[in-house]
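Here are my notes on the model you sent over. Have it open while you read, and take the points one at a time.

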Amino acid sequence: MAKSYEEIAHRIRQGKAVVLTKEEFLKAVDEQGVDRAAETVDVVTTATFGAMCSSGAFLNFGHADPPIKMSRVWLNGVPAYGGLAAVDAYLGATEQSELDPTYGGAHVIEELVAGKRVRLRAVSQGTDCYPRREVETWVSLREVNQAYLFNPRNAYQNYAAATNGSDRTIYTYMGTLLPRYGNVTYSTAGQLSPLLNDPYYRTIGVGTRVFLGGAQGYVAWEGTQHNPAVKRTDQGVPLGGAGTLALIGNLKEMSREYLRAAVFHRYGVTLYVGVGVPIPVLDQDLAAQLAIRDKDILTSVYDYGVPVRSRPALAQVSYAELRSGAVTLQGRRVPTAPLSSLAKARRIAALLREEVRAGRFALNPPVQPLPATTPFRPLTIRQAEGEE
Amino acid sequence: MIKKRIVITFPPGLAEKPLTYHLVKDFDLVINILFARISPEEEGKLVLEIGNSSEEQVERGLAFLRENGAQVEPLSREITWNEAECIHCGACTAVCRPQALALNPESWELSFDQDRCIVCEQCVTACPLGILRVSF
């Protein structure tokens with residue numbers, strides 16, 4: 001029997017809705033079976049907390065007197081993009097300080113969220129309407145006009161695991177990879193991850209309300225590199241990186257608990273972002289998708305020691321195997337380690353469950369579905385404009 | 001008879017010399033290699049436990065290492081973990097061979113067992129939050 005968004009909202013208002021975290025839902029499926037769970041459960045909360053490089057914040061600083069059209073902007077020494085209207089800027093998470101490569105945009109975002117003031121410096125050529133040519137001051141999140149996180153790519157639907165077959169340690173965005181297949185790292189919340197629980201994007205689309213960094217945010221668009229047409233298992237689980245989300249939310253309402261700056265040694269700065277999505281159990285098909293488990297989610301292990309775009313895949317493994325602490329690669333047991341925090345993801349899923357139950361986090365159908373077919377193209381290096 | 005743990009740091013190039021061979025053969029030291037990271041062009045690092053040897057033997061052995069350009073220090077350093085700031089991602093566990101840093105398979109929260117730590121310091125750069133540090 002199908003449920004509508006309105007019916008679920010009504011049950012939430014009456015305080016009768018059954019809202020479970022994804023892991024609690026799996027227990028319900030064990031006890032009742034999927035068909036029964038599809039009827040008894042109204043909402044399942046999913047979450048992830050991982051490093052998401054494609055993140056950043058739009059800021060509007062307000063006008064100084066005399067005013068300035070900021071063309072180059074720095075926050076705590078980290079360049080922000082100022083090629084927008086006079087006092088708008090975009091601060092990318094991975095942008096590094098010109099003085100200290102271990103401090104970047106993500107750190108500035110974290111400091112702002114923690115309530116600290118950061119040093120703003122901006123320069124301009126000066127115009128008739130914006131005569132000021134330089135400004136230096138301190139700004140806080142409370143004092144700027146708008147500050148919103150706008151992350152072009154978050155919440156990757158599945159992601160490859162990494163290892164290193166070369167004979168030296170390499171330092172990557174997948175962490176420290178020890179030589180001669182010394183370890184395997186992976187980055188996912190697995191069965192708890194939002195897009196793996198709604199693999200065909202029935203309830204997650206443009207306009208879907210999400211938990212973002214501690215605040216309520218929204219899916220703004222398909223994420224960059226959104227690639228829904230990858231190979232999938234019979235259950236619809238993509239075998240590698242597939243769908244992605246562009247997310248937006250009010251930075252002023254976010255918390256350092258769910259937004260943390262990070263440095264991957266010899267790679268650079270990134271931002272750990274907490275994302276949560278409540279999924280309405282609209283029908284049995286959706287319930288069956290929500291019943292997906294780590295053992296059903298497969299990914300490939302790639303050799304990051306080979307510096308080419310199409311790295312060789314060494315093995316296909318399930319997240320249950322990755323979580324077990326070791327996988328078999330070329331006949332040898334290799335220890336595994338996660339990079340995204342399952343403990344934090346669980347905390348977000350539990351928090352979201354309480355918010356949905358209490359009626360403070362409303363579920364709404366997507367305004368527009370995410371594209372089901374988007375080609376994912378590589379970059380061609382051409383010597384001339386007319387070259388194929 | 002004494003038992004001690006030492007950290008030996010090799011400058012690049014010294015890895016070609018069979019130093020541990022000489023510790024055993026010439027100085028009769030009973031050694032156990034707890035950790036070794038040696039590659040030809042980089043600084044190398046060796047953590048040894050020396051047991052069943054006299055103080056004098058050990059001192060002569062260590063003097064030999066120093067003469068050859070290695071830096072020798074007792075394993076008095078330790079790793080500190082700022083637990084309150086930890087996000088429990090697990091990135092450090094990827095490089096922790098003795099499993100001093102480990103994720104609980106139920107709660108997926110990190111724990112740090114100081115006794116298992118051999119102070120190889122790999123976790124210091126592996127931690128994305130910079131909250132694993134060497135203290136003296």
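1. A:Arg153 sits 230 residues away along the chain, and its C-alpha atom is 30 Å from that of A:Gln383.

2. A word on what you're looking at. This is a predicted model, in which local features need pLDDT of at least 70 and side-chain atom pairs count only at pLDDT 80 or more, while totals for chains, interfaces and linings use all residues. Residues are numbered from 1 along each chain as its sequence is written, and chains are lettered from A and ligands numbered from 1 in the order in which they are written.

3. A:Asn76 has a positive phi, near 50 degrees, without being a glycine. A:Asn76 is in the loop between strand 4 and strand 5 (78-81) of chain A, and counts as buried because 21 other C-beta atoms lie within 10 Å. A:Ala155 also has a positive phi and is not a glycine, at about 55 degrees. Look for A:Ala155 in the loop between strand 9 (146-154) and strand 10 (161-163) of chain A; with 29 other C-beta atoms within 10 Å, A:Ala155 is buried too.

4. Which peptide bond is cis? The one from A:Asp65 to A:Pro66, where omega is near -5 degrees. A:Pro66 belongs to the loop between strand 3 (56-60) and strand 4 of chain A.

5. Follow strand 4 (residues 72-75) of chain A next: 4 bridges tie it to strand 7 (residues 118-123) of chain A, and the two run antiparallel. (Strands pair if DSSP finds at least two bridges between them.) In this pairing A:Arg72 faces A:Val123. Strand 7 of chain A is also paired, antiparallel and over 6 bridges, with strand 8 (residues 134-139) of chain A, where A:Val118 stands opposite A:Val139.

6. Chain A is split into domain 1 (5-52 + 150-357) and domain 2 (62-140), with bounds from an automatic or database domain assignment. Their centres, taken over C-alpha atoms, are 33 Å apart. Each domain puts 13 residues into the contact (two residues are in contact if their C-beta atoms, placed from the backbone, lie within 7 Å). On the domain 1 side, strand 17 of chain A gives the largest share, 5 residues.

7. What about the contact between the chains? Chain A brings 21 residues and chain B brings 18. Strand 17 of chain A gives the most to the side of chain A that touches chain B, with 4 residues.

8. Finally, chain B. How many helices and strands does chain B have? There are 3 helices and 8 strands, in the order β-α-β-β-α-β-β-β-β-α-β from the N terminus. Of the 136 residues in chain B, 29% are buried.

Note on methods. Buried ≥ 20, exposed ≤ 12 C-beta atoms within 10 Å, placed from the backbone.
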